[in-house]
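Please look at the sequence and the model first.

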Amino acid sequence: MSPEDYVRVLVVSPSTPVWGAQIVLLDLADALRDSDVELTLGSVASSPFAVEWKRRGHAFLEVDIPSRGGLRRSGTEARPRPFEFLQLGGDVARQTIAVRQVARDFDVVFSSALRSHLSVAFAGRLARVPIVLDLVDMVRPGVGQRVLRTAARLATLTIANSRATAAALGSAGPVTVIHPGIDLDRFVPGPTNDDLRAELARGRPGPLVGVAGRLDVRKGVQVLVEAMTLLRGDVASAQLVVVGEAGTGPQEFADRLRADAERVLGDRVNFVGRRADMPEIMRALDVLVVASRSEPFGLTALEAHASRTPVVGTDAGGLPEFVEHEVTGLLVPPFEPEPLARAIERIFVESDLTKAMVDEAERRANPARGVATQREGIARALRAVAMGDPVG
């Protein structure tokens with residue numbers, strides 16, 4: 001293959017931890033290693049994401065991308081003060097300059113984080129290089145949504161991970177929806193590891209309910225804790241396993257959540273932190289709960305589907321795009337403990353329905369929901385943008 005056949009993509013990322021969206025990009029770079037699409041990460045060298053990227057042997061370009069805050073003060077719903085808005089504007093300008101200086105060496109510039117979208121879009125226009133935005137967050141109406149739409153109008157394409165996240169764009173700019181995929185070689189049905197289940201349940205008998213993800217208020221773990229106190233009959237003794245850590249959310253909330261949960265549930269709750277053995281954990285659970293107020297997609301639910309683990313989720317955000325109520329899982333209104341408790345009970349009481357749902361969920365997950373499908377969709381979009389072709 002000649003050098004001119006390659007599509008050179010600069011992935012721009014501010015300093016960030018390694019969470020779901022970053023893992024997707026790391027795995028994408030792995031999958032494309034020997035293809036005609038080459039990803040180079042442009043970031044500060046000390047970023048945890050950059051460290052992992054380089055550890056996997058992928059191309060890296062140090063770009064001095066100033067870190068900037070969001071449009072709400074950390075850990076609150078409050079807007080920044082006027083002088084903080086001025087500082088944000090300065091940060092966007094510095095990010096724009098930094099990206100513009102290197103953008104012309106690439107065929108496409110890919111903004112991987114909400115906080116870099118506007119500056120990357122400006123830089124692409126200035127450098128006359130196609131820009132792709134990666135939209136994996138729910139952006140509510142207000143200043144943040146207006147900023148996102150401005151960036152989308154300047155960009156060549158936005159790739160959204162669900163129709164729910166894409167809705168924030170309105171009619172601003174071209175958009176394509178590519179659902180996340182999972183590793184169908186790892187998330188598979190199989191026997192339960194009895195030792196692992198005993199660890200998760202702290203040796204207690206009875207049902208095992210799990211939730212996985214960042215510990216922040218929007219994920220609704222606090223609502224699930226309350227729902228656990230409302231369970232009845234044989235399900236009333238169920239154990240709750242919480243997999244995750246604070247991540248980008250405030251540590252104070254995570255600490256308070258743990259203290260409140262242990263006060264209310266005692267030894268019926270087990271916070272196990274972030275884990276690398278999620279496929280085995282998924283097979284050890286009796287039900288996986290996604291309690292978020294509005295999940296952008298809900299990858300853990302898809303992992304549960306492939307593992308034949310029943311799912312209870314909320315009927316908001318991207319989750320209903322693949323969790324069909326009473327067909328592949330149960331859906332309830334977000335942040336309402338009583339309906340959530342009743343749905344969890346149904347998983348154990350209505351065994352015929354539960355079996356039918358896990359059968360259909362597994363069937364739909366294989367192979368259409370595999371990560372290979374997502375990777376090829378993203379690679380195809382990047383090639384089209386680089387060639388000036390329509391994406392569809």
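## Basis of the report

The model is predicted, so local features are given only at pLDDT of at least 70 and side-chain atom pairs only at pLDDT 80 or more, while totals for chains, interfaces and linings use all residues. Residues are numbered from 1 along each chain as its sequence is written, and side-chain values use heavy atoms, with hydrogens and water left out.

## The chain as a whole

The chain holds 14 helices and 13 strands. Both are DSSP runs numbered from the N terminus: helices are H or I runs of at least four residues, and strands are E runs of at least two. The C-alpha trace spans about 65 × 50 × 40 Å along its principal axes.

Of the 392 residues, 51% are buried. Buried means under 20% relative accessible area, exposed means over 50%, and partly exposed lies in between, using a 1.4 Å probe and protein chains only. The chain exposes about 17,400 Å², and carbon and sulfur atoms supply 51% of that area. Accessible areas come from the Shrake-Rupley method with a 1.4 Å probe; for residues, only the protein chains shown count as cover. Among contacts (heavy atoms within 4.5 Å) with a separation of 6 or more, 66% are between residues 24 or more positions apart.

The chain carries 47 positive and 50 negative charges, and their mean positions are 6 Å apart. Lys and Arg count as positive and Asp and Glu as negative, while His and the chain ends are not counted. Each charge is placed at NZ of Lys, CZ of Arg, CG of Asp or CD of Glu.

## Nonpolar cores

In soluble globular proteins, nonpolar side chains tend to be buried together. A nonpolar core is here a set of buried Ala, Val, Leu, Ile, Met, Phe, Trp, Tyr and Cys residues joined through side-chain atoms within 4.5 Å.

Which residues of the largest core touch the most other members? They are Leu224, Leu240 and Leu340, in a core of 34 residues. Leaving out residues up to four places away in sequence, Leu340 touches Val223, Leu224, Ala227, Val289, Ala291, Val312 and Val332. A second, separate core has 28 residues, including Leu184, Leu208, Met282 and Ala304.

Helix H8 runs over residues 221-228, and six of its eight residues are buried. These are Val221, Val223, Leu224, Val225, Ala227 and Met228. Their cover includes strands S8 (208-212), S9 (239-243) and S11 (287-289), together with helices H9 (251-265) and H12 (337-349).

Helix H4 is also mostly covered, with eight of its eleven residues buried. The buried ones are His117, Leu118, Ser119, Val120, Ala121, Ala123, Gly124 and Ala127.

## Backbone features

Arg128 follows H4 and is found in the loop between helix H4 (117-127) and strand S5 (131-135). Arg128 has a positive phi of about 60° although it is not a glycine. The residue is exposed, with a relative accessible area of 78%.

Glu326 also has a positive phi, near 60°, and is a residue other than glycine. Its loop lies between strand S12 (311-314) and strand S13 (330-332). Glu326 is partly exposed, at 37% relative accessibility.

A cis peptide bond joins Asn366 and Pro367, with omega about -5°. Pro367 sits in the loop between helix H13 (351-365) and helix H14 (371-387).

Is Thr40 buried or exposed? At 8% relative accessibility, Thr40 counts as buried. Thr40 lies in strand S2 (residues 37-43). Not counting residues up to four places away in sequence, Thr40 touches Val9, Leu10, Val11, Trp53, Ala59, Phe60, Leu61 and Phe106.

Val327 lies in the loop between S12 and S13 and is partly exposed at 25% relative accessibility. Beyond its neighbours within four places in sequence, Val327 is in contact with Ala356, Met357, Glu360 and Arg364. Thr192 is in the loop between strand S7 (175-177) and helix H7 (194-200), and is partly exposed with a relative accessible area of 33%. Leaving aside neighbours within four places in sequence, Thr192 is in contact with Arg197, Arg283 and Ala284.
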